[in-house]
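Here is a friendly walk through a two-chain model, meant to be read with the structure open beside you.

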Amino acid sequence: MEESNDILCVGIDLGTSRSSISASNGERHVIDSYVGWPVDMVARKLVKKPVMVGREALESRSMLDLRRPLERGIMKEGSEKDQEAVQEILRHLINVAGIKQKSKSKARVRAVVGVPAEAFRVSRQNLRNTMEGIADSVMLVSEPFAVAYGLEALLHALVIDIGAGTADFCVMQGRYPTDDDQRTLPNAGDSIDEQLTKLISERHPEAQFSIHMIREWKERWSFVGDPRNRVVVTAPVKGKPTDMDITDEVRTACESILPPVCETTVDLLSKVEPEFQDKVKNNIILAGGSSLISGLADAIQKSLKEIGGGRAVVVKDPVFAGSDGSLAIARDASSADWEKLSL
Amino acid sequence: MGTVDETKFRILQGVVQDNIGVRQEVSQDNIGVLQEVRIQRIAWRKQSVRPWLLASLLLAAFAYLTRPSSVVSTGRVSGANAETAKAAPLNIDQTPEAAAPLANPRPIDRNAIPLSVKRVVIDPGHGGEPGATSQSGVSEKDITLDVALRLRRLMAQEPYEVLLTRQTDQLISLDKRVAYANENKADLFVSIHVNWMEPRSIRALETYYVGPTDDPVTLKLASMENKDSGYSLSDYKKILEKIYVDARHDESRVLAKTIQTQLYHALKRANPRLENRGVKSAPFVVLIGTQMPAILVEIACLSNDDEAKLLTKEDYRENIALALLHGINSYAKSLNGPNTKGS
């Protein structure tokens, strides 16, 4: 609605694994949700920065106190360092979107931040507090709702946003979704990583690999259903690079999220008014990083056969769908509304 | 059917109102959460409300209806060590619609309602399966049963009726333990467990009462203790937010505090490096499902070899049982003056 050079609207998808920002000045960025502080004076001298964020932090992790401060899509609590890390991520996102925090002529920032559909209200309050000094006004919305809003899928649609920490569901029925319209499951990218780690360790007990290697393999090769190619990766065994076929492990790990996701999909569909169920069944939208798992939409469609079939599609830009949707909300809200939500 | 713009406008108003709620909760120290939960808990407990709880709710409702219109308070039904609520002026920024649901009942002294502890259900954790096991082979199931049997013997000398969820090494699911306590209309539920923690140098004592937690360590512990419940942790998070300030929650917290205090004082002489980790809230299944004040106490850490050794000593286990008895006595006295059987 009202926008000027003095105001910057941003949509942020604060993710357990990756966080993205879409800004009204046209900037769009995605970063890894990692923050690290040099562990000692030597490290500080080497990295030449007091704090590192994103891929840069991940790559310098041996010299850093590295944090991945979000868990299941929300801030970890009980650790001041993790809360500080979330602030660093948010500050970094705003910076890369072109806002200089310390500039005297800096624009007023109106931020819409996506959180898991069933995030505790206290978690939302904590996040709101964390935004102080980073944005001028803040709205928190559920992640799948932000996706739906951005796609204008406001009526008879089911959005499933599968990230690293959570899989979030939201049925859109032409109104602001209630608790009953939304669900959050912990079965998402991270649970696949855990499963994959366990399966590979069992089959290749002598192989050495880190959680970062597991994530990289998953992001490159993840699939459900029949494999197109064998998945062969290289990892050291007693120091010697060794090829391992992990096709079955990748499939089993990725398919581990299917039963809860499909059950929740069917359950939410069954709660829609009967005359609209067909429309919603045929308008299932998948978003989030884990929606890129090859064959996922087909597998969900297959699970709908027992209730008469349906259609699931992956959004064109799953990584930015949440932040783009949040930006759309930020732009559409009136200045009067934003005034009510100033920090 | 309205246009997309009309639908968007309606939805945006929902987003803004929801966020105004969160903002006001931030500025009013979670008072909105308390009010929301207060309404929800009546529905949550309508099938199972006990006379003492009904009395407290009625008094709370009476206080709400007769409160001075110019003040709200952050109080809750409180005990002998009551946290007295501070009256706060109504925020002038609030719209009337927003202000009304934020008003809270005034605090009521728990002593206004005669309460008693007659029947106590003791729940020795695990059984059938070992639970945590020390390196030397001491099993959680054996320690918890031994302490529970000792506690029953000690309590038999006091005016209590004591019931045990298990008296032998048998597997009993968590929901059956909960049902047993509820069907027997217990006044208190005390679940005894032994912890297993990393690093193994830790010797910790901690007591839990029902409530949400975002502490990853506590969540992991709850997840482990809940593993045969048949539900996922995410199911409980939603419920828990709604019973955040249940009167039972407050009573459980008081009971947890008295038991934790007694245990720590009783054991630190024999176990000087024992760490008092205090009382915490967590979503343990046995605490969620029970309809009376309920706590789960982790009496030691089997991961620590020295503590495991101490647990093999009869007098140490007797001390634990005695401290639990003193904790229960102390709580019972705080409810209604001197010992309360038959009152």
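How close do the axes of helix H5 (residues 143-151) of chain A and helix H12 (residues 321-332) of chain A come, and at roughly what angle do they cross? They come within 7 Å and cross at roughly 70°. Axes here are lines fitted to C-alpha atoms, for helices over the stretch in contact, with angles from 0 to 180 degrees between N-to-C directions. Helices (H or I, at least four residues) and strands (E, at least two) are DSSP runs, numbered from the N terminus.

Before going further, please keep in mind that this is a predicted model, in which local features need pLDDT of at least 70, side-chain atom pairs count only at pLDDT 80 or more, and totals for chains, interfaces and linings use all residues. Residues are numbered from 1 along each chain as its sequence is written, while chains are lettered from A and ligands numbered from 1 in the order in which they are written.

**Two helix pairs in chain A**

H5(A) and H12(A) are roughly perpendicular to each other, because their angle falls in the 65 to 115 degree class. For comparison, angles under 35 degrees count as roughly parallel, over 145 as roughly antiparallel, and the rest as oblique. On the H5(A) side, the meeting residues are Glu143(A), Ala146(A), Val147(A), Ala148(A), Tyr149(A) and Gly150(A). H12(A) brings Ala321(A), Gly322(A), Asp324(A), Gly325(A), Ser326(A), Ala328(A) and Ile329(A). Two residues are in contact if their C-beta atoms, placed from the backbone, lie within 7 Å. By class, this contact has seven nonpolar, four polar and two charged residues. Ala, Val, Leu, Ile, Met, Phe, Trp, Tyr, Cys and Pro count as nonpolar, Asp, Glu, Lys and Arg as charged, and the others, Gly among them, as polar.

Another pair is helix H6 (residues 189-203) of chain A and helix H7 (residues 211-221) of chain A, whose axes come within 10 Å and cross at roughly 110°. That makes H6(A) roughly perpendicular to H7(A). The contact joins Ile192(A), Asp193(A), Leu196(A) and Thr197(A) of H6(A) to Ile211(A), Ile214(A), Arg215(A) and Lys218(A) of H7(A). Four nonpolar, one polar and three charged residues take part.

| Chain | Helices and strands | Buried share |
|---|---|---|
| Chain B | twelve helices, eight strands | 44% of 343 residues |

A residue is buried if 20 or more other C-beta atoms lie within 10 Å of its own, exposed if 12 or fewer, and partly exposed in between, with C-beta atoms placed from the backbone. Among contacts in chain A between residues at least 6 apart in sequence, 70% join residues at least 24 apart. In chain B, residues 24 or more positions apart account for 81% of the contacts with a separation of 6 or more.

A nonpolar core is a set of buried Ala, Val, Leu, Ile, Met, Phe, Trp, Tyr and Cys residues joined through C-beta atoms within 7 Å. The largest has 103 residues, of which Val10(A), Ala111(A), Val159(A) and Ile329(A) touch the most other members. Helix H3 (residues 80-96) of chain A gives the most to this core, with six residues. Apart from it lies another core, of 62 residues, among them Ala256(B), Leu263(B), Val279(B) and Leu324(B).

**Backbone points to check**

Most residues other than glycine have a negative phi, and most peptide bonds are trans. Lys48(A), however, has a positive phi near 60°. Lys48(A) sits in the loop between helix H1 (41-47) and strand S5 (52-53) of chain A, and counts as exposed with 8 C-beta neighbours inside 10 Å. In chain B, phi of Lys185(B) is near 50°, and this residue is partly exposed, with 13 other C-beta atoms within 10 Å. A cis peptide bond joins Glu198(B) and Pro199(B), with omega about -5°. Pro199(B) lies in the loop between strand S5 (188-195) and strand S6 (204-210) of chain B.

**How confident is the predictor?**

The complex has an ipTM of 0.82 and a pTM of 0.57. Chain B has a mean pLDDT (the predictor's confidence in each residue, from 0 to 100) of 71, and 62% of its residues reach 70 or more. Over residues 28-110 of chain B, pLDDT stays under 50.
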